[in-house]
Amino acid sequence: MDKSNDNFLIIDNISKNYGVVQALKNVSFTVKKGEVYTLLGENGAGKSTLVKIIKGEETPTKGDITLDGETIKNYSPMVSKAMGIAMVHQELAIFENMTVAENIFPACDYLTKTGAVDKKRLRKEAQDRIDMFGMDLIPSQKMDTLTVAQQQMTEILRAISAGSKCVLLDEPTSGLNKDETENLMKIIDRLRAEGITIIYISHRIAEVMHISDRITVLRDGEYVCTFVNDEKLKEIDLISRMVGRELTKSLYSRKAYTDTISDEVFFEVKNMNKKNAVYDIDFQLRKGEVLGFFGLEGSGTDSVSRMIFGLEAMESGEVFFKGEKIDKVTTTTMVDKKIMYINNNRKTAGLLLNSSTLNNMSMPVLKEYSRGAVINNKRLTEHTEKYVDAFSVVIPSVYQKPRNLSGGNQQKVLLSICLGKEPELLITNEPTRGIDVGAKAEIHKFLLEAVEKGVGLIVFSSELPELMSLCDRILVMKNKHIVGEISKEEISEEFIMTIAAGGI
Amino acid sequence: MNRIKAPLQKISNKFLSKNSFKKLLKINGSIAFLMCLIMFAFLAISVPKLFFNPFNIQALMFAIAPEGIVAIGMMILLISGVFDLSVGSVMAFAGLMTAMMLVAGLPIIVCIIIGLLVGVAIGFINGLLVEMAGINPLISTIGTMYIFRGATEFLMVGRSVDYNNFPEIFVNFGRKGFLGVYWMFWILIILVVVFTIFIVTRPTGKRLYFIGGNENLAKLMGIKKRKIRIGAYMISGLLAALAGILMTAKNDAANRYIGNVTHMNVIIACVIGGGSLNGGQGSIPGALFGIIFLSFLQNAFNLFDFESSMQRIILGFVLMAVVSVDGFMTLRRQKELGRI
């Protein structure tokens, strides 16, 4: 066989920048026709960005894509569709208001002689696909009466029904349970048998080793290596390549404070549950301690962080703060008790990007700086200036809008807003996502200074080095449960990743 | 495998349940249909003489026809996820344009076509503002609503020319009928049938639902969102112009107050009839039943000689009730599926 025709996709030296953040750095690899090719990596390794580029939804900053022997110029989702590439997105992409059959064939390509949509034919074709892959779906059923897993199955059917030569699956199993995952594995096997190329993204190692022909590891936006998946490949080989990075010197590392941690329980969550989100969450934060939460996409850490602050309702469970039970966990009661939350998305839920920094800062402290109904603007400005100075936010004036600041400076403003309230407990969700190393180190320094002043700190992060430099203890989550606890002495990246990604 | 099967069977059993009343309620627009039936029965039983009086039937037809025609266009827009507040102004402005051409002595058919084209053009402007300039439909169509209502007033107030006394054929077009049913009502029936067939069977009709259901995904699936939405605005403009011309003919005069509250009535009727401002749902018959219900309600107030100011209060409550019941049912289903 001619070697050059054997390659379906060649990724050549692709880089992608988002502002100062480089999501992909000179990534190159080749996918052969008809293989199951897996991209493996932690959160933020660049997997999703890469598949979006392969699908044409994102444009690479530099580099070339060659498809079926043709180097593509002016790439777009339409071009990739015409080339036979379909994608199942990480977030559900379905028409909830339509039926299963209509979701599988949104192009309405079956017409009667008079030009009407041939519903019978549509349903029959849909039924054929459903039967072919042994799925439990009814073509005429409305999508909004289905479970998430069924909706995802429908999306997969749409991707493979379009006559696709290649299917991109971005974390398709994050919303599925074990049986559903096994079912998906069978479907992928079938597709491979039919000669369809699969590019698969996951961080669940057992699953990846089960299904892939070849596995490429990405780390921090860089290509690390490619393994051929044979008997010789061990789980630990993959894990060590996923995490094996040097601890950067610029990261502010925390000294051992273990002796200053008292036995006094500062914040406690007992038996917190929510169907399909988290199960049996129990943990304690002791006074003076920094507690970390680590979990890969879909593990439930995000929900835990939101639920303990009242952003999401829990179905059962109790929350205690300084030995006192909090009856109603809502954001208002939490803020009243001086518990603050730093959101993981400063753009959509963290900052008023179009309002001045002064207004942003005043959000949680309006009451403190007003007499009756009158706001004391002078004192509020002083307050803002104090924090802007303390956190060395690079800003021309407090009237500047955060929109015009860099990511790192926005994050510092966000931190100032929360610390301006003089909180006793700080819950941070991805406190340094998407900002450069220097700003990262500064923010870590500010967080730890707050801890020294007696503020409790819980860090939810998908970045292991961050957790390792900040935390005294890390809880690891997988499949919506807490599955491991690691103390400062035993913290190592391999160990944490083995718990979070290994096994099934 | 069992874990996938279990919830599905539960749901599908419910979906295929023998309880036909519940099944009926799930069909889009059925609530409006039932409400029409109830109002009809109520009026027919309590005040049969007044209700079935020929003059009352005529008044009902005159009330239903123009708003029903406008509601078809509005429903198409709502299904695709947008709306148009300028329809009332289009009615008045297109009516005035036709009237001015008639007074100037142009052939009737030319005058009507000019009026209709004015509506299409305004719809096109609305479509461009929403789809090409990316202006929220609330703002862009309020803009055109004010511009064309204002233009109508500017052209009519304090002018020496009266736009009335049109040719008889044109006036008969608004006042006469066939088999005891007014022309404008026939037009409504034909349009409902045509657009229902279009929406239910044509691929473009289906695409309206795809766009309204998930705009971004529709784009990724290669559906020409902008073209279809702009087209929908043009249809809405065309139908509003037609309604305006019919009312001008019926009144035998241009009137700057035509369609003053039509946009609100029509949106309320469409929502009662199963449409949603979130897009992706609704049906043409639903829109018609919504309008019929509104007209019955208005009729009831007239026949019982109630304080007409009460009418809006009642209508407001009905609207809230319909939307709340729908919201409640959606919420319950989401809970059953464990989504929230």
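**A close look at the aromatic rings**

A: Let's start with Phe293(A), which is buried, its relative accessible area being 0% (buried means under 20% relative accessible area, exposed over 50%, partly exposed in between, with a 1.4 Å probe and protein chains only). Before going on, some ground rules: this is a predicted model, where local features need pLDDT of at least 70, side-chain atom pairs count only at pLDDT 80 or more, and totals for chains, interfaces and linings use all residues. Residues are numbered from 1 along each chain as its sequence is written, chains are lettered from A and ligands numbered from 1 in the order in which they are written, and side-chain values use heavy atoms, with hydrogens and water left out.

Now, what makes a pair? Rings of Phe, Tyr and Trp (its six-membered ring) pair if their centres lie within 6.5 Å; planes under 30 degrees apart count as stacked, over 60 as edge-to-face and the rest as tilted. By that rule, there are 21 aromatic pairs over all chains. One of them joins Phe283(A) to Phe293(A): it is edge-to-face, with 5.0 Å centre to centre and 75° between the planes. This pair links distant parts of the chain, 10 residues apart, with Phe283(A) in strand S12 (residues 278-286) of chain A and Phe293(A) in strand S13 (residues 290-295) of chain A. Helices (H or I, at least four residues) and strands (E, at least two) are DSSP runs, numbered from the N terminus. Phe283(A) is buried too, at a relative accessible area of 4%.

Hop over to chain B for another pair. The ring centres of Phe195(B) and Phe198(B) are 6.4 Å apart and the planes sit at 85°, so this pair is edge-to-face. Both belong to helix H10 (residues 183-201) of chain B, and because they are three residues apart, about one helical turn separates them. An α-helix has 3.6 residues a turn, so residues three or four places apart point the same way. Phe195(B) is buried, with 13% relative accessible area, while Phe198(B) counts as partly exposed at 25%.

Back in chain A, Phe283(A) and Phe293(A) belong to one aromatic cluster with Phe266(A), Phe267(A), Phe321(A) and Phe460(A).
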